[in-house]
Structure formats: C-alpha cells, structure tokens
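The stops below go one selection at a time.

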Amino acid sequence: MMVCITGTPGTGKSAVSEILRDKGYRVDSQNETAKKYIICSDFSRDTDIVDEDKWIEDFEPFEGIIEGHITHYLPCDSVVVLRCRPDILKERLIKRGYGPEKVLENVMAEALDVVLIEALEEHSQDSLLEIDTTEKSPEQTADEISKFMKGDIPGHFGDTDWSLFL
Ligand SMILES: Nc1ncnc2c1ncn2[C@@H]1O[C@H](COP(=O)(O)OP(=O)(O)O)[C@@H](O)[C@H]1O
C-alpha cells in the first residue's frame, strides 16, 4: 500500500514525514525523487521547474509513504491532505524565507482548497483524510496518519473552511 501526504507548501509534510520515518515507515520525498526531472530554475519565483508529467509517468509505486505537494497525482491507495489556516500558513512561509509573491500564491491556494479539490478529483472520498495542522503538533499529525494507515480511523474531509480569509 502506498499513501501520499500532500498539501500546500508549509502545511507540515516534511515535519510529519521526519516523525513517520522515526516510527519506521519508509517515507520518500517528492523533492528528492523529482530532482532529476528539473528542467530549469525560475529565479523570479525562487523555484525549480520540474517536468511533473514525466516524474508522475516514471514513478514506481512502493510500500510506504510519498510526500510532496503534487503526490496526489500518483496512483496511491490512500491520500492525506494536510491543511493550515491561511494566516498561520503565511507566518510559517515568511519564517521559511519565502518572498511576498510566493507567500501570497501559496496562501491563496490554501484558502481556495486547491490541493484538496485536486486530490478529490483523483481519488475516492473514503480513501482521503484531511488533517488541519493549525492547532496540532507535528507529533499529533503523525499519530493520526499512522492510525489512518492502520485502518484505525476512517477517511474524512470537509471540516476546514478558509473562506473568511479570502
Ligand atoms: N501539526 C503540524 N504538523 C506539521 N507541521 C507543523 C505542525 N504545526 C506546526 N508545524 C510546523 O510548520 C512548518 C511546516 O513546514 P514543512 O514541514 O517544511 O511543510 P511542507 O513540507 O508542507 O512544506 C514546520 O516548521 C513545522 O514544524
């Protein structure tokens, strides 16, 4: 079984992945595995342009977890979508050193539920777990993911509403 952990940058995918690795899960990262698919760098957006279609096409599923913001396009058995309230996400991204444009782009994507909608277009509703990380610790988030993977808690989504932040 392969599970993906997706979500807008800053929602906590890497932090949670570190904890899940410590718990013994194999967790691969989109950023690492997509390195050989980088086409060029977009300096104005401070980001690398990756041939995402080719990365997805070549991807070999495995037993474990793949984390990254487009991993919901992979043929996963289950999907975890991490969420974060836009005002807190903004703080996390500024702290990370993102420039104003990149912060705005990601905060707007989060406020508009972009990743959740994309994931729901690709996967069945009962295979999807949405977790709001805003008031949780990374350890709590990792525990919830672990329980979901063991089948101890069911898929669930729809509790977040960031429309007030638009
Ligand atoms: N419940 C939570 N789950 C995951 N990360 C959290 C949580 N609460 C706060 N954070 C913090 O938010 C930041 C998210 O960064 P990161 O894990 O790099 O996000 P991503 O990999 O999604 O871009 C980290 O500093 C992390 O410690």
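Which residue just after H1 takes a positive phi? Select Gly 24: its phi is about 105 degrees. Helices here are DSSP runs of H or I with at least four residues, strands are runs of E with at least two, and both are numbered from the N terminus.

This is a predicted model, in which local features need pLDDT of at least 70, side-chain atom pairs count only at pLDDT 80 or more, and totals for chains, interfaces and linings use all residues. Residues are numbered from 1 along each chain as its sequence is written.

Next, select Lys 13, Val 16, Ser 17, Ile 19 and Leu 20, the buried residues of H1. Buried means 20 or more other C-beta atoms within 10 Å of the residue's own, exposed means 12 or fewer, and partly exposed lies in between, with C-beta atoms placed from the backbone. The five sit on the same side of H1 because they cover an arc of only 160 degrees around the axis, taken from the directions from the helix axis to the C-beta atoms. On the other side of H1, Glu 18 and Asp 22 are exposed. Now show strand S1 (2-7) and strand S6 (78-83), which are among the elements covering the buried residues of H1.

Last, select Glu 122 in helix H6 (residues 114-122). Glu 122 is partly exposed, because 16 other C-beta atoms lie within 10 Å.

Key: Contact = placed C-beta atoms within 7 Å.
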